[in-house]
Amino acid sequence: MTDFTQDPPRVRNRFLSDLALRHTLERVLPAEIFAEATSAFTTMGRCAASVMPSLADKAERNPPHHVPYDAWGNRIDDIQVEDAWLELVRIGQEAGLVAMPHQAHFGRYARVVQAGLVNLFDPASAVATCPLVMTDGAAHVLSQHDPELASRYVPRLTARRDAWTAGQWMTEKEGGSDVSRSSTVARPNGDGSWSLHGTKWFTSATTADVALALARTENASEGSAGLSLFLLELRTTDGHWNGIKVRRLKDKLGTHALPTAELDLVGAIAHPVGELGRGTAKLGGLLNIARLWASLGGPAGVGYLLDLARDYAQRRYTFGSFLCHNPVHQRWLARIAAEYEAMIALNMEAALAIGSAEHGGDTLMSRLLAPLTKLACARESIWAASELVESFGGAGYVEDTGIPRVFRNIHVHCIWEGTTSVLAHDVMRVLAHSEYGEAFMADLRRRYAGISIDALDGVKARIDDAIRQLRPMVAQPKTCDARRLAWGMARTYQALLLAEAAQWQLSCKLDDRGLVAAELFARSPLVEADMSDVPDSMVAGLANGNVADSALDIAG
C-alpha cells in the first residue's frame, strides 16, 4: 500500500499559457484591436478554466432525453436538456460569439476576434458551439437574402441577452452531403406561408427557436436547382411543436450533451427566404461560416489537450525525472505543437479572409480558404488529439479525467459541413474558375517573397518545391486527384504562414520557437506523393475488396 496519488494537470487560462494562440492573434490583429480585445480573451480564458468545466461535466453526464408521450398517452415529443448545457450556450451568447461579426465595432477583424474567443470557449463548452454557429450562419443568410425576415429575426438571433438560437436542417436519408437528393416537399398555404413535409435525418440544435430548412416546391425541377430555402419557427405561439414530430435522438460517438434528432416535418409552417429557388446557393455564405467554426473546433480541443499535457509533464515523475525533461517526450510534444501552430495560423488567416469578404473585400481567397481550412484543421486535429491522449498514459483513457470526452468531440469536425472528400471536391469546383487558382498562387508567391531571414532557408526550399508541384495542378485541377491537390494547397499554405509567424516572433518577441515549429512542420511532405501512375482498376480493386484484372496480369 502507498499513499501516493498523481498530481493531476491543471486547466489554465489558455490565453495566458498558450503562446501560439496569443501570438497569432497579436500578429494578425492590428495593435489597437488586439489591445482592446485582450480583455475579452482574458475573461473568456478565465471562464473556460473556472466556471465552464463543471457545467460541461454536468451536461455531458446528463445527456438530452426524448419523452415521446405524456402519462396519458398524448404525443408531446419533449426533449429534456440539462440546464448546465443551456447555461453554456448563454455564456457564449453573452460573450458575443454570435453577435460580434454582425456588429460594426471590429470591422473586418471581427471574425478573427471571434475565432480567438471560440478557441478558448469550445473545448470547455460541451459543444454548445453548435447552436451558436448555426445562429451566426442564419443571421448572415437572412441579412443577405431577405431584408423583411432579417428585420424580424436577426436582432433576436444576435442579441447578447435573452437571445434566440437557430438550427440548420439540410441532411436527409437520401443524400447526406448530396442535398440535391432532398425529398422534403413544400406546399403553399395560400397566405404566403408554406407547409413542409418530409424527414430530416440529422438535425442539430433541436432546442433552437428557428431553423433553416431546404425543401422542394411541388413541380420544381429535380436536383439542387429545384430546392428552396425556408425559415420556420419550431414552436407555435401556444408552445406546441410547429408540425414537427421527433422520431428519436441520435446516439453519437461524441457531442453527447448536444440534442441531435431525427425529425418528421408534417405540415410545419415555414416562410421562404427570399424568392423561391436557389436554396443551396443561398447557403453559400452560411457554409463558409459553418466551415470556419468547424475548423476552429478541432484545433481548440488540441490546444486544450496540449496545454494539459505540458502542465502534466511538469508533474509526472517517471524513470528518474519529470516528463518535461525527457528528450523523447520533448521531441514528441514539439512535433504535435508544430501541427497545432500550423492549424491556428490557418484558422486566423481564414477568419480574416472571411471577415474581409463580409466587409466588401475580395471574396476569392475566402471562398477557397473556407473548405481548405476545414479540411486540414479537422483532420490534423484528430491525429494531434490522439497523440495527446497517449501523453497522459492510462489516465488519458479514463473517463473521469475528461480527456476522452474532448477526444471524442473533436471527431465531429471531420463530419459536420462536409467530409474531407466532399471538401476536396468543393475546392476542385472552385478552381474550375481560373481566377481563384490565380489568386491563390499569387498569394503564395507574395508570402514567399516576404520570408527574408536566413534561418528559414531550409523551410523556404521545401515550400518552393511544393509551389512548383502545385502550379500545374492548380492550373489544371481536372487532371489531379482532388484530395492530393486540396491537401497540398492547405499544407503548403500552412508552411508559409508558419514561416511568416516565425519571422514575426523572432523580430517582435525575440522568440525562436516559431523557427522550430516551421522546420518540423515543413519536414513532413507538403504535397503527397503522386499516385496517378497506379491504374484505376487496381485502386478500385483494393478499395472495393475485389481482384483487379490488371493486378492479376502483374501477378501472372
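This is a predicted model: local features need pLDDT of at least 70, side-chain atom pairs count only at pLDDT 80 or more; totals for chains, interfaces and linings use all residues.

Reader: OK, back to arginine 278. Buried or exposed?

Author: Arginine 278 is exposed, with a relative accessible area of 53%. The cut-offs: buried means under 20% relative accessible area, exposed over 50%, and partly exposed in between (1.4 Å probe, protein chains only).

Reader: And what's the phi of arginine 278?

Author: Phi of arginine 278 is near 55°, a positive value in a residue other than glycine. For background, most residues other than glycine have a negative phi.

Reader: Which threonine has a positive phi too?

Author: Threonine 255, with phi near 50°. That threonine 255 sits in the loop between strand E8 (244–249) and strand E9 (261–272). Its relative accessible area is 3%, so threonine 255 counts as buried.

Reader: What about threonine 237, where does that one go?

Author: Threonine 237 is in the loop between strand E7 (227–233) and E8. Its relative accessibility is 90%, so threonine 237 is exposed.

Reader: Switching topic, I care about cysteines. Where's cysteine 47?

Author: Cysteine 47 lies in helix H3 (residues 31–50). It is buried, at 16% relative accessible area.

Reader: What does cysteine 47 touch?

Author: Leaving out residues up to four places away in sequence, cysteine 47 touches Met52, Pro53 and Ile91. Contact here means heavy atoms within 4.5 Å. The C-alpha atom of cysteine 47 is also 9.2 Å from that of alanine 124, which is 77 residues away along the chain.

Reader: Now the helices. How do H15 and H16 pack?

Author: Helix H15 (residues 434–449) and helix H16 (residues 457–475) pack at an angle of about 165°, with their axes 11 Å apart. Axes are lines fitted to C-alpha atoms, for helices over the stretch in contact, and angles run from 0 to 180 degrees between N-to-C directions. H15 and H16 are therefore roughly antiparallel. As for the wording, angles under 35 degrees count as roughly parallel, over 145 as roughly antiparallel, 65 to 115 as roughly perpendicular and the rest as oblique.

Reader: Which residues make that contact between H15 and H16?

Author: From H15, Gly437, Met441, Leu444 and Tyr448; from H16, Lys460, Ile463, Asp464, Ile467, Leu470, Arg471 and Val474. By class, the contact of H15 with H16 has seven nonpolar, one polar and three charged residues. Ala, Val, Leu, Ile, Met, Phe, Trp, Tyr, Cys and Pro count as nonpolar, Asp, Glu, Lys and Arg as charged, and the others, Gly among them, as polar.

Reader: And how do H15 and H17 pack?

Author: The angle between H15 and H17 is about 25° and their axes are 10 Å apart. That makes H15 roughly parallel to H17. The H15 residues in the contact include Phe440 and Asp443, and those of H17 include Met489 and Glu500.

Reader: How do the axes of H11 and H17 cross?

Author: The axes of helix H11 (residues 327–358) and helix H17 (residues 482–509) come within 9 Å and cross at roughly 95°. H11 is therefore roughly perpendicular to H17. That contact of H11 with H17 has eight nonpolar, two polar and five charged residues.

Reader: Last one, zooming out. How many helices and strands does the protein chain have?

Author: There are 20 helices and eleven strands in the protein chain. Of its 556 residues, 56% count as buried. The C-alpha trace spans about 70 × 65 × 60 Å along its principal axes. Among contacts in the chain with a separation of 6 or more, 74% are between residues 24 or more positions apart.

Terms used
Residues are numbered from 1 along each chain as its sequence is written. Side-chain values use heavy atoms; hydrogens and water are left out. Helices (H or I, at least four residues) and strands (E, at least two) are DSSP runs, numbered from the N terminus.
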